[in-house]
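Dear colleague,

I am handing over the structure we spoke about, and my notes on what was found in it follow below. Please read them with the model open beside you.

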Amino acid sequence: MRRAAVLGGSIAGLLAARVLSDHADEVVVLERDDVAPAGDFGGDREPRPGVPQGTQMHALLDAGRRRIDHWLPGFATELVAAGAALADTGTDVHSFLDGRRKVLTGDIEMVSATRPFLEAHLRRRVLAFDNVRLVNGRVRGLAFTGDRVSGVRYADAADAEDVLTADLVVDATGRASRIGTWLREGGWPEPGMRRMPVDLGYATALFRRPAGPHDATLAQSLANLPDGRLRLGTLGRVEGDRWVVLVAGYADDRPGRGVEEFLLRCKEDPAAPFRQLAEDGEPIGEPVTYRHPDNRRRDFHLLDRFPAGLVAVGDTLASFNPIYGQGMSSATSHASCLATYLESGQSPRDPAWSYFRQARTVVDDAWQTSALNDLKLPHVTGPRPRGFTVASRLSDLIVRASVTDPVIHRRFLDVMHMRSSAKTLMRPGTLLRAAWATRQRDTGRVDAAV
Ligand SMILES: Cc1cc2nc3c(=O)[nH]c(=O)nc-3n(C[C@H](O)[C@H](O)[C@H](O)COP(=O)(O)OP(=O)(O)OC[C@H]3O[C@@H](n4cnc5c(N)ncnc54)[C@H](O)[C@@H]3O)c2cc1C
């Protein structure tokens, strides 16, 4: 390829650009925020307008960490050297279910850092490739020649419209992508969009804490409220000797603004690390709230006509309930699917069906994890798939068993960290072991970890 154009220079766009740098003479990333090293949002501390979720807690799961290290060797080490934390599920990631700490297991490592910091490091590494460059511009539409996409229409920093020709265009403009409209303008059908309203509210705050034996680098708390709803909390050590803390709830249990309310929710959390934080943490600034109305996915694979020279990655393809932390790791999987497609030697004159088929399996898996759990929430209305009641009972069994049984917890973590397919938890051997483990616990033969 002579030139590939990537629309959107966030996590998914940067990873796609890295993959494309092996296959194109030139890769141009078009980004509406001025994120060039000397630009308005080029630093590694401040969230930027184009990524409003950047104010919220973001952790990088094990699968995503490994894949980024594959494309950009030494990336995680570099983050840690700059102050991020690497947390190991066998020692310093503590998960709580209704206040009870789950048994520690595994050697699964996740990165805890603020989102702007992680993105700034990724940008620096990707832009270090000679054939990748970033252009500050706002995409307005696609350019078509015959049955293919031949470029992008965009407004430059001075608002003058230009066209960038490209052999391949990658849409990484996120969940609010206008790709459907752009396709329709070119006479092509729009991909259907599935939405699952979840009405989730987040609040994230930064804290300083006195040096001391805070025993977890990362702690996660899931608490069932009496009416069947869930409350969530996560706290993690991040760069700059700070702690990032998230509290979340659904529908009218959303956290509001203000430090007092934030600290009250931490005090009410049944998991000890949150109560400790409410005592010894010193808030830095005000908490920032964020509302996630729905999970959504675009079903490109169901279209019967699609132009050549166009693919989509990241949240454009699917955006999940953020409490599972799957988004950035999904983007790394899409980058791997893109690499497989480019290495397959398929003609760029044909639509990239094989890419969309492969990406669909990645999306299906993450969607299943998120949807199965979200559909259990009382305020989330269907449609519930066939077999939902049985699948939901079996998944509850696994979650309960993961509190005390290290083997089940390990298999559960493998799925949550996107190292194994969600289907592996439904294997008869795993279900039998989970049933045995919960029975042992219920009959008092095994103490739940505290
Ligand atoms: C509250 C919240 C918490 C989350 N927590 C986690 C977590 O813990 N772990 C995790 O892995 N994921 C998490 N995610 C998901 C994660 O933020 C995304 O999956 C990830 O950022 C990948 O998104 P993306 O690159 O596809 O899109 P985005 O990050 O949304 O970026 C889209 C980019 O496209 C640019 N853009 C948009 N339109 C145009 C245009 N017309 N022209 C030019 N540029 C344009 C934007 O400026 C932006 O840079 C969370 C999400 C939310 C909402």
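Which residues touch the most other members of the largest nonpolar core? In this predicted model, where local features need pLDDT of at least 70, side-chain atom pairs count only at pLDDT 80 or more, and totals for chains, interfaces and linings use all residues, they are Leu20, Leu122, Val169, Leu338 and Tyr355, out of 100 residues in that core. Residues are numbered from 1 along each chain as its sequence is written, and side-chain values use heavy atoms, with hydrogens and water left out.

A nonpolar core here is a set of buried Ala, Val, Leu, Ile, Met, Phe, Trp, Tyr and Cys residues joined through side-chain atoms within 4.5 Å; buried means under 20% relative accessible area, exposed over 50%, and partly exposed in between, with a 1.4 Å probe and protein chains only. Leaving out residues up to four places away in sequence, Leu338 touches Ala16, Val19, Leu20, Val311 and Tyr355, where contact means heavy atoms within 4.5 Å. There is also a second, separate core of 18 residues, which includes Ala219, Trp243, Phe274 and Ala278.

Arg265 is buried, with a relative accessible area of 8%, and, neighbours within four places in sequence aside, Arg265 is in contact with Arg231, Val247, Ala248, Gly249, Asp253, Arg254 and Pro255. Leu263 is buried at 15% relative accessible area and touches Phe207 and Ala278, again not counting residues up to four places away in sequence.

Turning to helix pairs, the axes of helix 1 (residues 11–20) and helix 4 (residues 115–127) come within 10 Å and cross at roughly 20°, which makes helix 1 roughly parallel to helix 4. Axes are lines fitted to C-alpha atoms, for helices over the stretch in contact, and angles run from 0 to 180 degrees between N-to-C directions; angles under 35 degrees count as roughly parallel, over 145 as roughly antiparallel, 65 to 115 as roughly perpendicular and the rest as oblique. Among the residues that make this contact are Leu14 and Leu15 of helix 1 and Leu118 and Leu122 of helix 4.

The axes of helix 10 (residues 388–401) and helix 12 (residues 428–442) come within 9 Å and cross at roughly 55°, and the two helices are therefore oblique to each other. Residues of helix 10 including Leu394, Leu397 and Ile398 meet residues of helix 12 including Leu431, Ala434 and Ala435.

With best wishes

Note on methods: Helices (H or I, at least four residues) and strands (E, at least two) are DSSP runs, numbered from the N terminus.
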